[in-house]
Amino acid sequence: MINKLKSFKKGDILYAHFGGHFGYKYIFIFDRYISAEGIYKFCSFNTKLKYFSCHRLLSKELPKEIRYATDEEKSLLFNEMQSQHYVWND
């Protein structure tokens with residue numbers, strides 16, 4: 001999983017599914033991965049809670065699954081960004 005995280009580039013739009021009790025799923029704009037700190041992001045959308053945020057740290061834990069977001073998933077993120085008056089200029 002760590003090698004996969006290192007293969008993503010800043011600005012990639014990703015989907016991640018985290019385990020645990022709640023099993024959160026995020027669509028987010030990748031910033032970087034630092035093994036001692038976790039996964040950083042620009043903005044994200046939690047698909048379960050329907051929650052949008054632009055905090056820097058996404059998670060300290062590794063996801064069960066991480067991949068490039070589909071066009072449909074990207075639309076969810078960008079629509080929410082637009083409703084919150086954010087624009088991605090990559």
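Visitor: Hi! Before we start, what makes two aromatic rings a pair here?

Guide: Rings of Phe, Tyr and Trp pair if their centres lie within 6.5 Å. Planes under 30 degrees apart count as stacked, over 60 as edge-to-face and the rest as tilted. Please keep in mind that this is a predicted model.

Visitor: Thanks! How many aromatic pairs does the structure hold?

Guide: There are 6 aromatic pairs in the structure. One of them joins Phe8 and Tyr68: the ring centres are 5.2 Å apart and the planes stand at 85°, so this pair is edge-to-face.

Visitor: And where do Phe8 and Tyr68 lie?

Guide: Phe8 is in the loop between helix 1 (2-7) and strand 1 (13-17), while Tyr68 belongs to strand 6 (residues 65-68). The pair therefore ties together parts that are 60 residues apart in sequence.

Visitor: Buried or exposed, what about Phe8?

Guide: Phe8 counts as buried, because its relative accessibility is 7% and the cut-off for buried is under 20%.

Visitor: Which cluster do ring pairs link Phe8 into?

Guide: Phe8, Phe30 and Tyr68 are linked into a cluster by ring pairs.

Visitor: What about the rings of Tyr24 and Tyr26, how are they arranged?

Guide: Their centres are 6.5 Å apart and their planes meet at 55°, so that pair is tilted. Tyr24 is partly exposed at a relative accessible area of 23%, whereas Tyr26 is buried at 17%.

Visitor: Let's stay with Tyr26. Where is its place, and what does it touch?

Guide: Tyr26 sits in strand 2 (residues 25-34). Leaving aside residues up to four places away in sequence, Tyr26 touches Leu14, Tyr15, Ala16, Phe18, Ser44, Phe45, Asn46 and Leu58. With Asn46 there is also a polar contact of 3.5 Å between the side chains.

Visitor: How far is Tyr26 from Arg67?

Guide: From C-alpha to C-alpha they are 11 Å apart in space, and in sequence they are 41 residues apart. Arg67 itself lies over the face of Tyr15, 4.0 Å from the ring centre.

Visitor: Which other ring has a charged end sitting over it?

Guide: The ring of Tyr40 does: the charged end of Arg32 sits over this ring, 4.2 Å from the centre.

Visitor: New topic: where does Glu61 lie?

Guide: Glu61 is in the loop between strand 5 (57-59) and strand 6. With a relative accessible area of 44%, Glu61 is partly exposed. Not counting residues up to four places away in sequence, Glu61 touches Phe18, Gly19 and Ile39. Between Glu61 and Gly19 there are 9.3 Å in space, C-alpha to C-alpha, although they are 42 residues apart in sequence.

Visitor: Zooming out, how many helices and strands are there?

Guide: The protein has 2 helices and 6 strands. Starting at the N terminus, the order of its elements is α-β-β-β-β-β-β-α.

Visitor: What about its overall dimensions?

Guide: The C-alpha trace spans about 35 × 30 × 20 Å along its principal axes. For 90 residues, a compact globule would have a radius of gyration near 12 Å, and the protein's 12 Å agrees with this.

Visitor: Last one: how much of the protein is buried?

Guide: Of the 90 residues, 41% are buried. The accessible surface comes to about 5,600 Å², and 50% of that belongs to carbon and sulfur atoms. Among contacts with a separation of 6 or more, 46% are between residues 24 or more positions apart.

Definitions and conventions: Residues numbered from 1 in each chain as written. Predicted model: local features only at pLDDT ≥ 70, side-chain atom pairs only at ≥ 80, totals over all residues. Heavy atoms only, no water. Helix = DSSP H or I, 4+ residues; strand = E, 2+ residues; numbered from the N terminus. Buried < 20%, exposed > 50% of the residue type's maximum accessible area, 1.4 Å probe, protein only. Lys NZ or Arg CZ within 6 Å of the ring centre and 35° of its normal. Contact = heavy atoms within 4.5 Å. Polar contact = N/O pair within 3.5 Å; in protein donor to acceptor, adjacent residues only side chain to side chain. Rg over C-alpha atoms; globule rule 2.2 N^0.38 Å. Areas by Shrake-Rupley, 256 points an atom, 1.4 Å probe, with all protein chains shown as cover.
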